[in-house]
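Q: I'm new to this one. Can you walk me through it and tell me what the terms rest on?

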Amino acid sequence: MKRKLALLILVSLAGPILTAPAAMADTPKITVAASILPLADFTRRVGGDRVEVETLIPPGASPHAFEPPPSVMARAARARVLVYIGAGLEPWADRVRRSHTDAVAVVEAARGITMLQDGDHPHHEGEGKEVHQGHGPKAKEAHHHASGNPHIWLDPVLAQEICGKIAAALIEVDPTHKELYTANLQKFLAELEDLHQEITRRTAAWTIKEYVCFHPAYAYFAQRYGLREVGVIEMAPGRGPTPKHLRKLIRDIRHFGIRVVFSEPQFSPRVAEVIAQEAGVKVLMLDPVGGRPPYGSDYIKLMKYNLDTMEKAMK
Ligand SMILES: [Zn+2]
């Protein structure tokens, strides 16, 4: 009897708590760990104020050379959603995934996307068939995933596909806010589509379609907009060019009437400057990752900055 009463009290106490409208309560934000700035920006745009996004690779660091310290691995392991590119760009992401419980959603952006291999470039003969992913410190870990050139985010059409995957992951962990995520996604997709239209319109008017850049970061961008990467200074960051390769780059620059060699803020511009001086052209900077003024962590602003820069050299 006494026991029954206690149970009754317990039930009546629990009652109001259990029936409190969950949707009205301020549910905690969804923590997201994104490997690179553009993925963090995509997630913020889709998640709005429902997400707390952390970028794992700090601005200024090259994603290729980045090996996360234990503090970054720990932060990544605490997040409820993990967003990364895949294709060997972040070989350490496998370790984060293994340390996670089932309660986590994972977005491997490259999964399901047709990857370009560096061997696809007709002008890289003599460089062997090594794929771009091979330059990561632990690239072998990623072999069972998508492989190839990882720079898919620099194509605004593929960016739309990535945002769709991010929205699906947020809905998976936070289904009560599905409508919000869907509405945010639609709005951002429209902005990405506008960006794509603008790039299509402007690149079509360029008289020079060929370019030389630091490493094969713009392969998907070039494919989308009918441009042609005739050479890169380093096939993989850290693998410096041979004298023979440099001579070939200079020949190509002259042959195609290229006016500029593109460097990158994450790497020393020294080799680009040597080539440019030898070929009598200028050096301009393209940023494949972001995080600097004037674009900061804003993907669309970053893309427009790169577009403006290319236009100066190729129009
Ligand atoms: Zn890269």
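Q: What makes up the secondary structure of the protein chain?
A: There are 10 helices and eight strands; helices (H or I, at least four residues) and strands (E, at least two) are DSSP runs, numbered from the N terminus. This is a predicted model, where local features need pLDDT of at least 70, side-chain atom pairs count only at pLDDT 80 or more, and totals for chains, interfaces and linings use all residues. Residues are numbered from 1 along each chain as its sequence is written.

Q: What makes the edge strands of the open sheet edge strands?
A: The order is E6-E5-E7-E8, with parallel pairing. Two strands pair if DSSP finds at least two bridges between them. Strand E6 (228-232) and strand E8 (282-285) each pair on one side only, and that's what puts them at the edge.

Q: How do you know that E7 and E8 pair?
A: Strand E7 (residues 260-263) and E8 share four bridges in the parallel sense, and the rule asks for at least two, so they count as paired. Val 260 sits opposite Lys 282 in E8.

Q: Which residues does Ile 166 contact, leaving aside neighbours within four places in sequence?
A: They are Phe 42, Thr 43, Val 46, Val 83 and Val 107; contact means C-beta atoms, placed from the backbone, within 7 Å.

Methods: Two residues are in contact if their C-beta atoms, placed from the backbone, lie within 7 Å.
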